[in-house]
Amino acid sequence: ANPKFGRFDPYQPVAQQIEMSPTLINRFDLIFVMKDLPQRERDEAIATHVLIEHKKEQKQPPISQHLLRKFIAYARQKVFPELTEKAVEEIKNFYVELRNAPTTGGGDDLIRPIPISARQLDALIRLSEASARARFSKKVTKEDAKRAIEIMHLYLLQVGIDKETGQLDIDKIVTGYTASERSKIHLIREALIMLESRTGKLIPLEELKIELAGKVSEPEIEDIIEKLKRGGDIFEPKRGFVQRI
């Protein structure tokens, strides 16, 4: 999932930056964006490691590759842990509380941010089972569930935050649109319908900007208009005018 332009843009949704459909992105349990940012201590550690590798002075790892492969193969073939009641309760509480956390999106389902979906619930179960399996445990404990929740929460904070509202919004990852962006698209659609009834099928963009003044900024209007054109909702019959399809 390499970024289209070589590096990830921290101000753009992940879904819009990689050559992968949102429906496929949504099937990953975890998504982490790898950023190559200058950081002195880390850069020194990487440089030291690479130089030691070239000098052939590297230390043996704590677990040999051969043993690690056997460990993983055994865990996958022989260990099938079951959820305990405490693990179930931990996962359920996290899911329900996050889903129903107070938001600034209002009561409209169209614009209300959804912080987590049932797909992430399934992912939490798989991650909790994986934590138990790594210990060769037949039971998924509360600690396994907490570990899975911590990893999931870290992933959501990295790539699922709507920077405009500061809230978690899973749609930012799977569709590329946050609740606040959906709200603005909804406003523009309504404005287009109203202007069409007033000015006819040809809608002047200047009229649209005047109508939305104070609600949506001009750069945002232009960006959303481009998205609506690409999506086949509207077209531009002549410069400075749009028409609904």
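Visitor: How many aromatic pairs does the structure hold?
Guide: This is a predicted model, and it holds 3 aromatic pairs. One of them joins Phe32 and Tyr155, with the ring centres 6.3 Å apart and 65 degrees between the planes, an edge-to-face arrangement.

Visitor: Where do Phe32 and Tyr155 lie?
Guide: Phe32 is in the loop between helix 1 (22–25) and helix 2 (40–55), while Tyr155 belongs to helix 6 (residues 142–159). The two parts are 123 residues apart in sequence, so the pair ties them together.

Visitor: Is Tyr155 buried or exposed?
Guide: Tyr155 counts as buried, because its relative accessibility is 1% and the cut-off for buried is under 20%. Phe32, at 40%, counts as partly exposed.

Visitor: Next topic: Phe71 and Phe136. Which geometry does that pair have, stacked or edge-to-face?
Guide: Stacked, because the planes of Phe71 and Phe136 are at 20 degrees and planes under 30 degrees apart count as stacked. The ring centres are 4.6 Å apart.

Visitor: What does the pair of Phe71 and Phe136 tie together?
Guide: Phe71 sits in helix 3 (residues 65–78), and Phe136 in the loop between helix 5 (118–134) and strand 2 (139–140). Those parts are 65 residues apart in sequence. Phe71 is partly exposed, at 34% relative accessible area, and Phe136 is partly exposed at 36%.

Visitor: Which residues form the aromatic cluster?
Guide: Phe71 and Phe136 form one cluster together with Tyr74.

Visitor: Switching to charges: what lies over the face of Phe241?
Guide: Lys238 does, at 4.8 Å from the ring centre.

Key
Residues numbered from 1 in each chain as written. Predicted model: local features only at pLDDT ≥ 70, side-chain atom pairs only at ≥ 80, totals over all residues. Heavy atoms only, no water. Phe/Tyr/Trp six-rings, centres within 6.5 Å; stacked < 30°, edge-to-face > 60°. Helix = DSSP H or I, 4+ residues; strand = E, 2+ residues; numbered from the N terminus. Buried < 20%, exposed > 50% of the residue type's maximum accessible area, 1.4 Å probe, protein only. Lys NZ or Arg CZ within 6 Å of the ring centre and 35° of its normal.
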